[in-house]
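Visitor: I have a structure to go through with you. Can we start with the surface and work inwards?

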Amino acid sequence: MSGDPVPDLSSARRLVSDLFHAGVAATAGDTRVAAFLANDTATGPVSVVALGKAASAMASGATVALGKRLHRGLLVTKPGHSSPQLQQDRRFTCLEAGHPVPDRRSLEAGRRLLQFMAETPEGGPLLFLISGGTSSLVEVLGDSADADSLHRLNHWLLGSGLDIFGVNGVRRRLSMLKDGRLAAALRGHPVLALYLSDVEGDDPAWIGSGLLSRAKSALPSGLPDWLVTLIHSGPPPGLPTPPVESHVVGNLARALDAR
């Protein structure tokens, strides 16, 4: 009724805002990575690879925790998400690539990733920092696909109604990086992988389409003929991957539990 008092919503708004910021803080890439690495007792130089929308935050946490041990780094993120501080850090190469649709910059980033790993000193430890968006930001294709087919594929996927497992399940069939294939380039390096998860179940084999580990999956039904043909002419399944120490340092559950 017109005569009823107008409720004061300011306290409710403050509560919602406080809850939101608490959840964000609980999964912040810089603090989560720094907290994990604070317990690392290893010594010697480390090469860092940070990939995804949270790559800058995660890499910033690594610079704090590792200090002078951080020898060199490669960072790939979406446009506008690269940290000015890391861009000025001569140890880092900072790249921006296509998201949510991969593009030629994503292919260049994939090439630079393989180059970075090849130039890592033999036996030198690698720290991977992987977050959501990695599937689009770095890619290396087999001989059957090119930048145009990659663009067509991902535009179709984004409008297909498939969930993240279906989308990444298709992406990994055409990639020379995904489905654990990147692990083939590790060449015996000790590897620690830290993840910010954006997928249900927090399985590293699905975060970023599983650069360092394989997942058992079937192709979704109803794919168009041109896509089925493209997949069948793609690279063979990835080989069993070497063991990689993997830890999910941030996920939805941590955000929901924040106080």
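Predicted model: local features only at pLDDT ≥ 70, side-chain atom pairs only at ≥ 80, totals over all residues.

Visitor: Switching to the fold. What is the strand order in the sheet?
Guide: The order is S3-S2-S1-S4-S5-S6, an open sheet of six strands with parallel pairing. From one strand to the next, the twist averages 15°.

Visitor: Which helices pack on it?
Guide: Among them is H2 (residues 29–37), which touches S4, S5 and S6 and makes about 145° with the direction of S5. Helix H5 (residues 104–118) lies across S1, S2, S3 and S4, at about 165° to S2.

Visitor: Now Ser197. Where does it lie?
Guide: Ser197 is in the loop between strand S5 (191–196) and helix H9 (225–232).

Visitor: Buried or exposed, and why?
Guide: Ser197 counts as buried because its relative accessibility is 12%, and the cut-off for buried is under 20%.

Visitor: What does its side chain have for polar contacts?
Guide: The Ser197 side chain has a polar contact of 2.7 Å with the side chain of Asp202. A polar atom of the Ser197 side chain also lies 3.2 Å from the backbone oxygen of Val199.

Visitor: Which residues does Ser197 touch beyond four places in sequence?
Guide: Ser197 is in contact with Asp202, Ile207, Val248, Gly250 and Asn251.

Terms used. Residues numbered from 1 in each chain as written. Heavy atoms only, no water. Helix = DSSP H or I, 4+ residues; strand = E, 2+ residues; numbered from the N terminus. Buried < 20%, exposed > 50% of the residue type's maximum accessible area, 1.4 Å probe, protein only. Polar contact = N/O pair within 3.5 Å; in protein donor to acceptor, adjacent residues only side chain to side chain. Contact = heavy atoms within 4.5 Å. Pairing = 2+ DSSP bridges. Axes fitted to C-alpha atoms, helices over the stretch in contact; angles between N-to-C directions.
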